[in-house]
Amino acid sequence: MRRAALAAFPREAAAGLHGAAWLAFLDRAAPRPGFAAGPAAPYARPPASGGAAVSMPGIAEAAAQWVRVHRAPASAAPATAPPAHIRAVAPEPER
């Protein structure tokens, strides 16, 4: 999700976000907010002492859906070309 966000939004809009701020960003970028209140809600809370794992059922499906449907506002589109090490690959011609 972070890679998709960085591809669609300026770096300063998404790179440093975490916790509740990251979830709020995800909700703003989706056509139907609800990521933060849904399966990712445990991520917004501080971790339990001892570092115990938190169960987040449905998080993988919600993340995949967000990647498919997120939309950056036109004003948030990256103003520069992708870095030189990222290039488009043309499809192979049919034989």
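Which residues of helix α5 (residues 59-69) are buried? The structure described here is a predicted model, in which local features need pLDDT of at least 70 and side-chain atom pairs count only at pLDDT 80 or more, while totals for chains, interfaces and linings use all residues. Residues are numbered from 1 along each chain as its sequence is written, and side-chain values use heavy atoms, with hydrogens and water left out.

In α5, the buried residues are Ala 62, Ala 63 and Trp 66. Here buried means under 20% relative accessible area, exposed means over 50%, and partly exposed covers what lies in between (1.4 Å probe, protein chains only). Helices are DSSP runs (H or I, at least four residues), numbered from the N terminus. Viewed down the axis of α5, its buried residues fall within an arc of 100 degrees, so they line one face of the helix; the arc is that of the directions from the helix axis to the C-beta atoms. Ala 60, Glu 61 and Arg 68 are exposed on the other side of α5. The cover over the buried residues of α5 includes α1 (2-8) and α3 (19-29).

Trp 66 gives a closer look at this packing. Leaving aside residues up to four places away in sequence, Trp 66 touches Met 1, Ala 4, Ala 5, Phe 25, Leu 26, Ala 29 and Ala 30, where contact means heavy atoms within 4.5 Å. Trp 66 also belongs to the largest nonpolar core, which has 15 residues. Such a core is a set of buried Ala, Val, Leu, Ile, Met, Phe, Trp, Tyr and Cys residues joined through side-chain atoms within 4.5 Å. The members that touch the most others are Ala 5, Trp 22, Leu 23, Phe 25, Leu 26, Phe 35 and Trp 66. At least two residues of this core come from each of α1, α3 and α5, and α3 gives the most, with five residues. In soluble globular proteins, nonpolar side chains tend to be buried together.

Helix α3 deserves a paragraph of its own. Its buried residues are Gly 19, Trp 22, Leu 23, Phe 25, Leu 26, Asp 27 and Ala 29, and they pack against α1, α2 (11-14), α4 (41-44) and α5.

Next come the aromatic rings. The structure holds two aromatic pairs; rings of Phe, Tyr and Trp (its six-membered ring) pair if their centres lie within 6.5 Å, with planes under 30 degrees apart counted as stacked, over 60 as edge-to-face and the rest as tilted. Phe 9 and Phe 25 are edge-to-face, at 4.8 Å centre to centre and 70 degrees between the planes. Phe 9 lies in the loop between α1 and α2 and Phe 25 in helix α3, so this pair ties together parts that are 16 residues apart in sequence. The rings of Trp 22 and Phe 25 have centres 5.6 Å apart and planes at 20 degrees, so that pair is stacked. Phe 9, Trp 22 and Phe 25 form one aromatic cluster. Trp 22 is buried at a relative accessible area of 7%, and Phe 25 is buried at 4% relative accessibility.

Finally, His 70 lies in the segment after α5 and is buried, with a relative accessible area of 13%. Not counting residues up to four places away in sequence, His 70 touches Ala 4, Ala 8, Phe 9 and Ala 29.
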